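Trainee: I've got a model open and some questions about it. Mind if we go through them together?

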Amino acid sequence: MKPTKTYFSKTNKKSSVSLILFLIFLTQFFYFSIDTIRIRFPNRFIEVPINAILPHEFRVKIDQPSITGLKNIRLGNIQGLFNGEKFFDIQDLSISLNPSLFLSESISIINSLDCSRMDILPENNQSNHFKLQDFSFKNIKSQNSSTLRSRLSFGGIQSYLAFDFEELNKIIQKRFTSKPTKKINFSDWINQFASFQKKFSDWSSKLSDIEFNIHGMLNHEFGSVFITQNETVKKDLSLLKGLRTSMAWHTDSKDPNLLNIDFQTHAEQLNLSLRKLSLNWINPSFQSKGNFDINNIKFLSSNSWFSYKSLTSTGLIGGEFPTTTSYLKQKNSTLKADIFSDSNSSKVYLSIEQNLTDWSMDGLIHLNPQNFDLEAQLLSGNFEIIDGENLQLNFYTPRKLDQPRVIKFFLSGKELSVLESPHGDFYFSGNINPDLSIDINQASGNLGKSHVEGSYHQKWNPADYRFLIEGTCHPPDINNWLGHWWSPLWEDFSFNESVSHGNFSIHGTWGGKPGNSITIGQVYAQNLKYKDLCVLESNIDVEVNGLETRISSKKIKHDFGEFKARLHFPRKRAKDDTLLRFSLDGDIPFNDARRILGDKIENALNDLNASIIYCKGSGDLKRNDLFEKPDSNQTTYKLTVSTETPFSYAGVNFNYAKGEVYNHEGLMFANFSDLGLSGGHGRLSFKNTSKISDRINFSFDLKEANSRQLFNNLANTTQWNNSEDGERKEHIETRQLISKSKEGKINLSIQAEGPSSDPNYFEGTGNLTLYDFDIGSIHLLGGIRKKLGAFNLPLPSDALNFNHLEVPFILQHDRILFDKATLTGPLSKLVGEGEINWIKSQVDIFADLNVAGNINIPVLKQIVNLADPLSKISKMKIFGELEDPEWSIYLGDNLLNP
Amino acid sequence: MLKNRTILLLLANILLAVFIFYNSDEEYTTAINLNSKFSEMISKMVEIEISNPVISQKIIIRKDDMAWSVHHPISWSAEPVAIANLISKLSHLNPTFIHFLDELEDKGEIPQDYGIDENSSKMLFRGENNEFKITLGKMTRDSTGRYFLFSEEKSQSIWHAPQQIAELVNQPLNDWTKLTFLNFPLYTIDELEVIEWQDSNSTSKVSLSKQNDRWYLKSPFNLPANDEQVGFLLHKLISSRISGFAEENELTEKARILDLKVRASGQWSHLIISRVNTIDQLHIKNTTTNQAFYVTNDFLSNFTNLELNLREKRVFNLQMSEIKRIKIHDNNRSITLRKNDQNSWNGLEDNGSDSFSFISDLERVRDLVDDLNTVKVTSFVLFNPNAQVLREQGLDRPRFRLEVEQQDSTSHSILISKSNSDSSYWNTYIAEQALICLVNKPWDKFLSVDAIDYQDRNLLPVDFTPNNVVLKSISENKVMATFSQETNGEAFERILQFKAEYFLQHSFDPEGVWVDGDWLPWEYSLSFESSALPETAPLTFNLTERSGGIRWFVGSEDLGFVANLSIQVIDELGKYQVPKFSEP
C-alpha cells in the first residue's frame with residue numbers, strides 16, 4: 001500500500017470534508033485578496049508596450065500605474081506626446097476589465113473606463129481647449145449595451161454627453177476595422193486640429209456661458225443624436241437660446257456604405273455678434289436630409305433649408321430685415337440654392353446654381369423701401385438706410401451653350417433715397433462674369449440736383465475697380481454716402497441752381513497699396529462760390545494719383561476777369577517736401593482768393609489788400625519751410641505782377657504797380673519798376689537778406705508825390721498802427737503833419753535795411769525833397785513864422801517864406817540824422833543840422849538863418865542891411881517835443897526874447 | 001467537534017461567497033439610480049403617454065419603425081425636435097431622491113404635501129419590456145425645481161428635478177406635432193395640379209410639371225411657366241402651417257373648394273381643401289390619411305389667378321445663334337440688323353427717304369438681344385383682342401414695331417405704344433400669343449433706330465494691319481509719341497484696339513467738333529502706318545484734347561465720323577498727352 005493510501009485510509013471522511021471546505025475558504029479568501037489588493041508596478045512596464053504599438057511620433061508617459069485584483073488597472077495620469085509636445089493629458093484613468101472575456105471581441109473585455117479629466121492640446125491654448133471631464137464608459141453585459149457619460153467643455157461652452165450604444169462591438173467592426181486606404185498624416189491632422197481649436201477659442205471667447213445636453217443612441221444600423229440647450233443656465237443671451245437639435249441616420253437598405261441622414265435644428269434665438277454688428281434671429285430653423293458616403297466622407301446628395309421668423313440687427317445697421325427662407329440642393333458636385341422672401345417690405349426669389357465649371361443666378365429682389373425700417377449708424381449720424389417707392393433687382397442668366405454663362409442683372413429704383421439722400425430714380429444694368437468679376441455697363445441715377453451716368457467694373461484677385469462716370473453733381477446731395485470726410489470739403493462752397501457737371505475715371509484696387517487709386521476728370525462749374533471767391537464759370541481738370549493731386553483750369557472766370565491756373569499738391573506719402581507747385585496766368589481777384597490757399601498763406605499776405613492783380617508765373621512752395629523752418633527754406637517762385645487798380649500794402653495805398661516778385665532758395669526778391677504812390681511815381685525794390693530772419697534790404701525812389709497825401713498815407717501804415725507805443729500812436733493819429741493850406745510835392749529816395757516786421761530798426765540813407773509848398777503847411781517848420789513873428793521884427797514880407805526843403809538824411813533805427821537840411825524861400829535860407837527821433841517824438845535841430853541870404857541881388861542886400869539887427873539873427877535852435885518844440889532864437893550871441 | 005468545525009467552515013464559506021458576490025457586482029450597487037433607468041428606458045422606449053387631467057388632455061406618442069408619431073388625440077407625425085428635447089432633457093435630468101413613497105407615512109407626510117394627487121399631470125414611458133411613470137408635483141419651496149413621483153413596477157419614490165420637467169409634461173399638443181403638411185423637400189416636387197370646385201363641380205384646372213429643371217404649364221394652356229412664381233408657390237405650400245387639427249368624426253358642414261395634388265419623389269399627395277361654414281378656417285384632408293386639419297383662410301390666396309400668375313412673363317427667350325434678323329420700326333423710321341453668312345451682322349438704317357447700310361457691332365447686337373430677353377410682362381391685359389381694342393390701346397399706330405426672325409423661320413412680332421393710363425408703362429401686343437400686356441421696361445431706352453447706336457465700333461479696317469502709330473501735336477507739328485510692336489509691345493497692342501466707345505456724328509469738321517456746347521479743336525493727329533502698304537497713305541485720325549476722365553474725341557475726314565474713344569485707348573494715349581498750359 002502506498003503511504004498516501006495508508007494515510008487516507010486512516011483519516012476520517014468528515015475530516016476530508018472539513019479539509020475541502022477549508023481549501024475552498026482559502027481559495028475564496030485568496031480570490032478576494034487578489035481582487036482588492038493593489039499592486040504598483042514601474043511606469044516602463046506599461047509605457048514600453050504601449051509606445052511599441054503607437055506610431056513613432058506618439059509617445060505616452062504614465063504616472064503611477066497599478067493593478068487591483070486581476071481586472072482593475074489604474075493608470076493615474078497619462079500624458080500623450082506628439083513629436084515631444086503634449087497632445088493630451090488624462091487624469092485618474094482607470095480601466096476595469098472582464099478577464100473572462102479576454103478571448104472575445106475587443107471592446108467587451110472592458111467593463112468600464114473612467115477618468116476625471118482629459119485635456120486635448122492643453123499647451124497650445126492655456127485657457128480654452130477641449131476638455132472631457134467625469135468621463136465614464138460602461139459595458140452592460142446583461143443588455144449587450146454600453147453607456148458613455150461625460151462633460152465636454154471648451155471655455156464657457158459645456159456639453160453634457162450621454163450616449164447609449166447597442167452592440168458596440170458590431171459598430172466598431174462595421175465602421176472602424178477596415179484598414180485605412182492611405183497612411184494617415186498625424187502631423188497634419190494635429191496641426192489642423194490645433195488650428196481649429198485656436199479659431200474656435202477666438203470665436204468662443206466672446207460668448208457667455210452656454211450649456212448643452214447631448215444624448216445619443218447608436219447601433220450598427222441606425223443612430224440618433226439629440227441636443228438641447230440647458231435652460232438652467234440663465235445668462236444674458238449670448239449665442240443661442242432654446243436650441244433643439246435632432247439628427248438621425250440609418251444605413252441605406254441598398255448600400256451599406258451609405259447613411260441616410262435626417263438633421264433638424266431649431267432655436268428660439270440665435271445671436272451673432274460681429275465687430276460692428278449684432279444679428280439676432282428669432283426661431284431660426286435648419287433642416288437637412290441627405291445621403292452620406294461613409295467611405296469617402298462626403299454627402300452624395302442633400303436637400304436642406306433654412307428659415308427664421310425674424311432677423312433684427314443692431315450696431316452699424318439697426319432694424320428688422322425681411323424674413324427669408326433658403327433651400328439648398330446638392331447632388332454630387334452640383335449645388336442649387338433658392339432663396340425666398342415674401343413680406344410687405346420685400347419679395348425675393350433667387351435661384352443660384354453652381355457646378356464644377358459654371359454658375360448661374362436667376363430671380364428677382366423687389367423691395368418696398370417705404371416699409372423698411374433699417375437705420376445706419378455712421379460717424380456723421382444715424383440715417384435711414386433706404387426709403388422710396390421701389391427697388392427692383394433682376395438677375396437673369398442666358399443659357400449659352402457655346403460660351404461660359406454670364407449673369408445679367410438689372411437694378412431700378414424709383415424715388416429711391418439711400419441714407420436719406422434726396423429721392424431719385426436709378427437704373428443699373430450689368431453682368432456678373434464666370435470669374436465673378438462685375439461689369440455695370442450702364443448706370444444712371446438722379447438724386448436731388450445730381451444726375452450721373454456711367455459704368456463700374458470690378459475684378460477680383462486683386463480687387464481692381466473702375467468707375468467711369470459722367471453727369472452733374474451737387475456734392476451735398478451725397479453727403480451721407482461718403483462719410484464724415486466729405487461734407488466738410490464742401491462747407492466753403494456755395495452752389496446756386498446751376499449744378500456742376502463733369503466726367504471722371506476712377507480706378508484702383510480695393511485694399512491695395514495706399515494711394516493706388518487714380519482719378520482723372522473734368523468739372524465744368526458755373527456760379528459757385530468757394531470761400532470768398534465767386535467763380536462765374538470754370539473748367540477744371542482734376543487728376544489724383546499716388547504721387548500728387550493735380551488741379552488745373554484753362555479758364556476760371558470771375559467778377560474781375562479770368563485766369564488760368566495749375567496746382568499740384570504732392571501727396572505726403574510721396575515723400576516730396578513740396579507743399580504746392582503752381583503756375584498761374586491772369587487776373588487774380590486777390591482779396592477774394594486769398595483764403596483759398598489756407599490760413600498760413602492768407603496770414604502771410606494779410607497786409608496786401610488788392611481787388612485784382614494780374615499775375616503770371618509759377619512756383620514751388622515747400623512743405624513747412626515757409627513758416628516753420630525758414631533756415632532750410634527751398635521755396636521757389638517767380639511771379640510777374642501788375643495792377644492798374646489801387647491797392648494797399650500794410651495800410652499804405654498805392655495807385656498802381658508793376659513788377660516782379662520771386663523767391664529763390666528761400667530769399668524773396670521784389671522789384672517794382674513802376675508804382676504809383678500818393679500821386680507820385682516811383683520804383684521799389686526789396687529783397688530778403690537772410691533766410692533765418694525777416695531782414696530786408698529795400699530801395700525806394702518816389703518822385704512828385706503829393707506831400708500831404710504821402711504823409712497821410714504813411715500815417716495809416718499798419719507798421720505805425722501796430723506799434724506798442726500807444727502814446728506815440730495817438731500823436732500820429734491826431735496831428736496833421738501837413739496842413740491843408742497848400743499841398744507840396746515830394747521826392748523821396750531811401751535805401752535801408754532792417755527787419756520787415758519792425759521799422760524801428762532800419763538803417764540807411766535817403767534824401768527828401770519837398771517843394772512848392774507853404775511853410776505854414778508843415779507842422780514843424782511852420783513854427784519859424786510863428787515864433788519869429790512874435791518878435792515883431794522889421795522883416796520884408798517874404799523874409800520868412802520858405803518853399804523848398806531838401807534833406808539828405810541818415811536813418812539809424814529811431815533817429816533821422818541830417819547835417820545839411822536846407823530850407824529856402826524867396827529871400828531866406830535856413831540850413832539846419834540835427835536829428836529827429838521819430839520814436840520818441842523828440843526834435844533837436846540847430847539852424848542858421850540867412851535872411852535874404854538866398855538872394856544875390858544887390859538892391860535887395862541894401863534893403864536887408866537896413867533891417868539891422870536882422871542881419872545878426874544867425875542861429876536858432878528847435879528842440880523838445882516834436883509836437884510842440886521849444887524855439888530859441890539868437891541875435892548874435894544873445895538869446896532873443898519876445 | 002468535527003461536526004461544528006465543518007458547519008463553521010461551511011458558514012464561513014457561504015458568508016465569504018455572499019460577500020464576494022455582492023462586492024463584485026458593481027452594476028447594482030446603488031439602490032435607485034434614476035439616470036440609468038432613464039437611459040435604459042430611452043434606448044428602448046416605444047411609447048410616451050402624457051396626461052393632464054385638469055384639461056382632460058391625453059397625448060400618446062408612439063415610435064413606429066424609426067419615426068415618432070402622435071397617436072392620440074390625433075394621428076400625425078411628431079415633431080422630431082420636440083422628441084429630441086424630451087429625450088435629451090430626460091437623459092440629463094439629474095433628479096434628487098427624496099423618499100420612497102411608502103416611507104412617507106412614517107414621516108407623517110402624504111403625497112399631497114408634494115403636490116401629487118389625481119389631478120397631477122403624468123408622463124408614462126413604455127419600453128419594450130417595462131414602463132415607468134412620472135407624476136408631476138408642485139414646485140419646490142425655492143421655486144427652482146419640481147417634485148415628482150417616480151413609479152415603476154416595484155416601487156414608487158419621490159424626487160425633485162429642475163423646473164424643465166414641468167415644461168415637458170405640460171407641453172401642448174401642437175408643440176408635439178409637425179405643423180407642416182407637405183413634408184417634402186422643395187426640389188423633389190415635380191408636378192402640381194390645382195382644381196377649383198364650385199357646388200361640387202370642378203370649374204377649372206391648372207397643372208404644371210417640371211422638365212429639365214424648368215416648369216411648364218400643362219393646363220389650361222401649354223406654355224412655359226414662370227419659374228420664379230412657381231418657386232414662390234411651392235415655397236409657400238411647403239412652408240404653410242397647420243393652425244389646428246380636426247377631431248375624429250367631426251361633423252362640420254364643409255364646401256369643397258379646391259383640390260391640390262402634389263407629386264414629389266414620384267409620390268402623389270392629394271389634399272382636399274374645403275371651406276367650413278362655422279369657422280373662419282380652411283379644412284384640409286389628405287386622401288391617404290384619416291387626419292384632417294385646418295389652415296388659415298389666407299392659404300387660398302396662393303391660388304388666386306394661378307394661371308396668370310404662373311404664366312411665363314418673359315416676353316423673349318432668344319439665343320443669339322438662332323436669330324436671323326431683327327427689325328425695329330420707330331414711327332416711319334426703321335433699322336434692320338441681319339446676320340450674314342459669316343455670322344457677323346449688317347445693318348440698314350432707313351429714315352423713310354434715305355437709307356444707310358453699315359457693319360454692325362456684335363456686342364451692341366448682343367446687348368440688344370440681352371435687353372429683349374429681360375423684358376417682362378408687368379400685367380396681362382387682354383387675350384385675343386379685336387381691332388377695336390387694339391385701336392383703343394393705341395396699337396393700331398404703335399410707336400415701335402419689333403420683328404425678330406429666327407433661323408427656323410419662326411418669328412416674333414411685337415407692337416408697342418405708350419400706355420394711356422400710366423406714363424411709365426407701355427402697351428405691348430405680342431402677336432404670337434394674341435396678347436395685350438403692360439410692360440414697364442422703357443422700350444424707348446433701348447429700341448434705337450439710329451445706325452450710330454449699332455455701328456461697328458472698330459475704327460480700323462479689318463484687313464488693315466499697321467506696324468507703326470504716330471501721335472503728333474497739330475499746332476506744334478511735333479511728334480509726341482511713336483508706337484510699334486518692337487518698342488512698345490503691349491502698349492502698341494492696346495493702341496491697335498482702336499475702338500470707339502460711342503459715335504457722336506456721321507460728319508467731320510476739319511477744325512474741330514462741338515460737344516455739349518463746347519468747341520473742341522483738333523489738337524493731335526494719330527497716324528496708323530503700314531509697311532505692308534507703303535504706297536498707301538497712313539490712316540490718320542484727329543484728336544481733341546482729352547476732356548476729363550472718359551472723353552477724348554476722335555474724328556476722321558476719310559471715314560467721316562466723330563466718336564469718343566474707348567477707355568482702353570484713352571488710358572494709353574493719355575500717358576503721352578501734353579497739357580497746353582505749362583507745367584508748374
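Trainee: Let's start with E191(B): buried or exposed?

Mentor: Keep in mind that this is a predicted model, where local features need pLDDT of at least 70, side-chain atom pairs count only at pLDDT 80 or more, and totals for chains, interfaces and linings use all residues. Residues are numbered from 1 along each chain as its sequence is written, chains are lettered from A and ligands numbered from 1 in the order in which they are written, and side-chain values use heavy atoms, with hydrogens and water left out. Buried means under 20% relative accessible area, exposed over 50%, and partly exposed in between (1.4 Å probe, protein chains only). E191(B) has 15% relative accessibility, so it counts as buried.

Trainee: Which residue does E191(B) meet in a salt bridge?

Mentor: For a salt bridge, a side-chain nitrogen of Lys or Arg has to be within 4 Å of a carboxyl oxygen of Asp or Glu. Here the N to O distance is 2.8 Å, and the partner is R263(B).

Trainee: How many residues apart in sequence are the parts that this pair ties together?

Mentor: E191(B) is in strand 10 (residues 189-198) of chain B and R263(B) in strand 15 (residues 254-264) of chain B. Strands (E, at least two residues) and helices (H or I, at least four) are DSSP runs, numbered from the N terminus. Because the two residues lie in those strands, the parts tied together are apart in sequence by 72 residues.

Trainee: Over in chain A, which residue forms a salt bridge with E548(A)?

Mentor: E548(A) counts as buried, at 9% relative accessibility. The closest N and O atoms of the bridge are 3.5 Å apart, and the partner is R581(A).

Trainee: And how many salt bridges are there over all chains?

Mentor: Some of them link up: E47(B), E49(B), R62(B), R126(B) and E131(B) are in a network of salt bridges. Over all chains, the structure's total is 51.

Trainee: Moving to nonpolar side chains, how many residues are in the largest nonpolar core?

Mentor: A nonpolar core is a set of buried Ala, Val, Leu, Ile, Met, Phe, Trp, Tyr and Cys residues joined through side-chain atoms within 4.5 Å. I61(B), F125(B), W176(B), F181(B), L260(B) and F299(B) touch the most other members. The largest core has 79 residues.

Trainee: How many residues does the second, separate core have?

Mentor: Among its members are A565(A), F647(A), A821(A) and M876(A). The count for this second core is 67.

Trainee: Which residues make the nonpolar surface patch of about 350 Å²?

Mentor: Patch residues have over 30% relative accessible area and no salt bridge; like charges are joined within 9 Å, and nonpolar side chains (Val, Leu, Ile, Met, Phe, Trp, Tyr) within 5 Å. The patch is made by L19(A), F22(A), L23(A) and L26(A).

Trainee: What radius of gyration does chain B have?

Mentor: The C-alpha atoms of chain B fill a box of roughly 145 × 75 × 45 Å along the principal axes. The radius is taken over C-alpha atoms, and the globule rule is 2.2 Å times the number of residues to the power 0.38. A compact globule of 584 residues would come out near 25 Å, but chain B has 43 Å.

Definitions and conventions:
Accessible areas come from the Shrake-Rupley method with a 1.4 Å probe; for residues, only the protein chains shown count as cover.
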